[in-house]
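Below is a brisk report on one protein chain. Keep the sequence and the model open while you read.

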Amino acid sequence: MVAGSVTGEFASPIATARIWKAGVREAHLLLPKLLPQVITSIEILEGDGGAGTIKKLTLAEGGYVKDRVEVMDDEKYLFKYSAIEGGSLLGAKVSSLQFELTIEASPGGGSISKLKVDYDAIDGATGVEEEVAKVKEGVTGMVKAVEAYLLAHPEAYLV
């Protein structure tokens with residue numbers, strides 16, 4: 001196994017607590033509405049949304065991904081989860097895939113989202129870093145879609 005990591009960071013004019021609520025805490029409700037061409041549904045199979053929760057994302061292309069929430073810290077705005085089943089990478093090119101999203105306050109009332117994706121590549125697998133980078137860009141795109149929605153709907157997800 002070869003361990004690897006990809007990271008990304010982006011600023012948003014949306015306040016930390018608001019983007020956290022919409023993009024993390026209530027993502028299972030919002031993302032299928034915003035991105036039906038990517039995600040048709042997100043079901044909570046086990047748990048209450050916190051650590052230990054298992055979610056199933058049904059993808060528009062016909063596949064699915066199951067995730068397990070490892071950490072859900074509403075005070076530190078820290079969300080960690082692992083892909084545990086499904087998708088095109090898990091089992092084919094990587095043996096594990098973990099995500100860490102932190103959202104920090106930025107000057108002026110906005111936020112900075114930081115995403116880290118850790119993986120263990122299967123020996124002999126090629127193009128893994130590029131494929132994981134695409135997954136990271138997909139997650140970043142989801143957060144950007146939430147940001148666009150919140151900008152267009154200033155009354156939504158107020159805290």
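E100 is partly exposed, with 28% relative accessible area. That label covers values between the two cut-offs: buried is under 20%, exposed is over 50%, using a 1.4 Å probe and protein chains only. This is a predicted model: local features need pLDDT of at least 70, side-chain atom pairs count only at pLDDT 80 or more, and totals for chains, interfaces and linings use all residues. Residues are numbered from 1 along each chain as its sequence is written, and side-chain values use heavy atoms, with hydrogens and water left out.

**Salt bridges**

E100 pairs with K80 through a salt bridge, 3.5 Å from N to O. The term requires a side-chain nitrogen of Lys or Arg within 4 Å of a carboxyl oxygen of Asp or Glu. The pair links distant parts of the chain: K80 sits in strand 5 (residues 78-86) and E100 in strand 6 (residues 94-105), 20 residues apart. Strands here are DSSP runs of E, at least two residues long; helices are runs of H or I, at least four; both are numbered from the N terminus. K80 is partly exposed at 29% relative accessibility.

The whole structure holds 9 salt bridges. The table lists some of them.

| Pair | N to O distance | Relative accessibility |
|---|---|---|
| K80 and E100 | 3.5 Å | K80 29%, E100 28% |
| K116 and D118 | 3.9 Å | K116 35%, D118 26% |
| K144 and E147 | 3.6 Å | K144 32%, E147 10% |

K116 and D118 are each partly exposed. The K144 and E147 pair belongs to helix 3 (residues 128-152). Is E147 buried or partly exposed? E147 counts as buried, because its relative accessibility is 10%. K144, at 32%, counts as partly exposed.

**Helix packing**

Two packed helices are described by the angle between their axes and the distance between the axes. Here the axes are lines fitted to C-alpha atoms over the stretch in contact, and angles run from 0 to 180 degrees between N-to-C directions.

Start with helix 1 (residues 16-25) and helix 2 (residues 27-34). Their axes come within 6 Å and cross at roughly 80°. Helix 1 is therefore roughly perpendicular to helix 2. Roughly perpendicular covers 65 to 115 degrees; under 35 is roughly parallel, over 145 roughly antiparallel, and the rest oblique. On the helix 1 side, A22, G23, V24 and R25 make the contact; on the helix 2 side, A27, H28 and L30 do. Contact means heavy atoms within 4.5 Å. By class, the residues of this contact are 4 nonpolar, 2 polar and 1 charged. The nonpolar class is Ala, Val, Leu, Ile, Met, Phe, Trp, Tyr, Cys and Pro; the charged class is Asp, Glu, Lys and Arg; the others, Gly among them, are polar.

Helix 2 also packs on helix 3. The angle is about 85° and the axes are 10 Å apart. These two helices are therefore roughly perpendicular to each other. L30, L31 and L34 of helix 2 meet M142, A145, V146 and Y149 of helix 3. What classes of residue make up the contact of helix 2 with helix 3? There are 7 nonpolar residues, no polar and no charged.

A27, L30, L31 and P32 are buried in helix 2. The buried residues of helix 2 pack against helix 1, strand 2 and helix 3.

**A residue in strand 2**

L45 lies in strand 2 (residues 39-46). L45 is partly exposed at 39% relative accessible area. Leaving aside neighbours within four places in sequence, L45 contacts I54, K56 and K66. D67 is 22 residues from L45 in sequence, and 10.0 Å away from C-alpha to C-alpha.

**Positive phi**

Y77 is not a glycine, yet has a positive phi of about 50°. Y77 sits in the loop between strand 4 (64-73) and strand 5, and is partly exposed at 21% relative accessibility. Y157, also not a glycine, has a positive phi of about 55°. Y157 falls in the segment after helix 3. Y157 is buried, with a relative accessible area of 18%.

**Record and overall make-up**

UniProt, in an unreviewed entry, places the feature "domain: Bet v I/Major latex protein" at residues 1-153. Over residues 1-153 the chain is 28% helix and 44% strand, with the end C-alpha atoms 45 Å apart.

Methods:
UniProt positions renumbered as here; feature names shortened; annotations may be inferred.
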